[in-house]
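Q: Could you walk me through reading a predicted model, feature by feature?
A: Gladly; let's look at it together.

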Amino acid sequence: MNDVKEKIPMIIAIIAVVTLFAILCYLFFVQKSDYYVQIDNTKIEQISRTDNMKYKYTLTGYNQNGNSKEIEFNTSRELREGAYLKLEVMLLRGVITWEEVELNELPDKVKTEMNVE
């Protein structure tokens, strides 16, 4: 019986580590949201002349529900003024991919928040 009581703290510690690992995996690799932005080249900053990612954009993005979020992402070139982008954003990693989309591909609530139709 004493053997079991002595092992309880170790079992609890193992469960805690496994749970923490699962949560971190979820935050780093699973949880992601799509946000939509419109390129405004007045909100660009040159960050490097030698690195692949030379520019940093800081724009307001909107998810499919119309909720806004300030989003930063880096690019290798200046993007087309007024272009619409769909950004795949992860909570801890930030923007992981982006692609240009057409106006008709934007969710209705995003169009409303951006004041475009």
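Q: In what order do the elements of the protein chain run from the N terminus on?
A: Helices (H or I, at least four residues) and strands (E, at least two) are DSSP runs, numbered from the N terminus. Here the order is α-β-β-β-β-β-β-α, giving 2 helices and 6 strands. This is a predicted model, where local features need pLDDT of at least 70, side-chain atom pairs count only at pLDDT 80 or more, and totals for chains, interfaces and linings use all residues. Residues are numbered from 1 along each chain as its sequence is written, and side-chain values use heavy atoms, leaving out hydrogens and water.

Q: Which residues make up the largest nonpolar core?
A: A nonpolar core is a set of buried Ala, Val, Leu, Ile, Met, Phe, Trp, Tyr and Cys residues joined through side-chain atoms within 4.5 Å; buried means under 20% relative accessible area, exposed over 50%, partly exposed in between (1.4 Å probe, protein chains only). The largest core has 12 residues, among them Tyr 35, Val 37, Leu 59 and Phe 73. β1 (33-38), β3 (55-62), β4 (68-75) and β5 (84-90) each give it two or more residues, and β5 gives the most, with 3. A second, separate core of 8 residues includes Tyr 36 and Met 114.

Q: Which non-glycine residue has a positive phi?
A: Most residues other than glycine have a negative phi. Asn 115, with a phi of about 60°, is positive although not a glycine. Asn 115 sits in the segment after α2 (108-114) and is exposed, at 71% relative accessible area.
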